[in-house]
Amino acid sequence: MTETVVSTPKPRPEVTVLVEPPGATTVPPRRKDSGGRLRALDGLRLVAALMVAAYHYGGRDGEVSEAWGSSPKEQFPTLHEYFAYGCLGVQVFFVISGFVICMSGWGRPLKSFFASRASRLLPAYWVAVVLVTAVFALPMVAYKAVSPSDALVNLTMLQMPLGVDRVLGVCWTLWAEVRFYALFALCVVLPGANRRRVIMFCAGWMLATVIAQNANMPLLDIVVMPEYAPFFIGGVGLYLVHLDRRDAYGWGIVAVSWLIGQHFAVQSLWHAPDAGGFSYRSSIGIVLVVTFGFVAVAAIALGWLRWANWRWLTVAGALTYPFYLVHEHLGWVVIHALHRGLGLPSAATFALTVASMLGLAWLLNQYVEKPLTPRLRALLAKAR
């Protein structure tokens, strides 16, 4: 599925774009003059999604403990400490999203930008909401479904600001993505993307992020989202580096984003060692995972991973978004059935649960995203 490149008076690199959020950032091809798709970015997206799945299945307590029958600490005595870092896969997703959204919005009219975003996100999301609601309503499932009214509100993707119960646990990241899209659309796409405007957008957003920390203004926090802004901004800076690896401003944006991003990550995820706590993430470990995300996207932006051009990576990238949507809640049901119902060992249950969620993601991609995404995009592009 490709989208037509829109010409503007100012020349820009020709790209064909497929779009996305944490989990939903389908990777567009690289500039024609640099040769081939950025398939390594598809692979990195899958790695980030698997990190998050490891966290949800074995790196935290909560509802998943009911599926296992005990705390994941007992199921994975050693690995649970590493799985706990998997939540940082979200930050990796945000860096990728900043890169791809800057690429896809460069030189594109606002209407086309909106149509591509909405058509990429909504079909699989709607089906995932209906599917999880239906499964949780089954009498043999231990988990309680949200009310019919709340389920309907979830279809708007606005349940987070409305304070409505979530059908999908991961939807909070989609709310962050939607806000990023809105900021980028209003500040960059609407007036017309160019290097200077992108740099000013990054600088202004970063300054607002720092100010929001001590402003004690909830509305500013909602709009600016200081905890996650540095990762989106860092991805945007890496796209400038992708266009010109000698761009000092681009590298400066990346460096500042990494420095502030690791601070927010440590601030929100580190805690003093506590024997009663589920897990302990060291500050060094958190910084290393954040650094991995920036370095991996930088390596792709600079073309160092151009050799990773296998076709299966494109398939992996296409499965990432639907996998991300369904893996947590439906994963609990599968874990319960395999481990407590059939008595399979923890390792086999973990592997089969991941495999089953990837299989479901393939079905969603084939029978929901492929037929509905282009139709919805065309409908929105034609609408007045």
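Author: The sulfur of Cys 202 lies 7.1 Å from the closest cysteine sulfur, that of Cys 102, which is too far for a bond, and a search of the whole structure finds zero disulfides (a disulfide being a pair of cysteine sulfur atoms within 2.5 Å). This is a predicted model, in which local features need pLDDT of at least 70 and side-chain atom pairs count only at pLDDT 80 or more, while totals for chains, interfaces and linings use all residues. Residues are numbered from 1 along each chain as its sequence is written, and side-chain values use heavy atoms, with hydrogens and water left out.

Cys 202 is buried, with a relative accessible area of 2%, and Cys 171 is also buried, at 3% (buried means under 20% relative accessible area, exposed over 50% and partly exposed in between, with a 1.4 Å probe and protein chains only).

The largest nonpolar core holds 116 residues, and those with the most contacts inside it are Phe 99, Leu 168, Phe 180, Phe 184, Trp 205 and Leu 325 (such a core is a set of buried Ala, Val, Leu, Ile, Met, Phe, Trp, Tyr and Cys residues joined through side-chain atoms within 4.5 Å). The largest share of this core, twelve residues, comes from helix H15, residues 311–341 (helices are DSSP runs of H or I with at least four residues, numbered from the N terminus). Phe 180, leaving aside its neighbours within four places in sequence, is in contact with Ser 97, Gly 98, Ile 101, Trp 205, Met 225, Phe 232 and Val 236 (contact means heavy atoms within 4.5 Å).

Ala 361, in helix H16, residues 346–382, is buried with a relative accessible area of 0%. Not counting residues up to four places away in sequence, Ala 361 touches Leu 319, Pro 322 and Phe 323, and its C-alpha atom is separated by 8.7 Å from that of His 327, 34 residues apart along the chain.

Among the buried residues of H14 are Gly 285, Ile 286, Val 289, Val 290, Gly 293 and Phe 294, and what covers the buried residues includes helices H1 (39–58), H5 (89–105), H12 (229–243) and H13 (248–269). H14 is followed by Gly 303, whose phi is positive, near 85°.

On a 1 Å grid over the protein atoms alone, a cavity is a set of points where a 1.4 Å probe fits but cannot get out, a pocket is an open set with protein on both sides within 12 Å along at least five of seven lines, and lining residues have an atom within 4 Å of a point; points are joined across faces, edges and corners, and a volume is the space filled by probe spheres set on them.

The largest pocket holds about 610 Å³ of space, and of the 30 residues that line it, the closest to its centre are Arg 60, Arg 166, Gly 169, Trp 172 and Glu 328. H15 supplies the largest share of the lining of this pocket, four residues.

Technical notes. Helix = DSSP H or I, 4+ residues; strand = E, 2+ residues; numbered from the N terminus.
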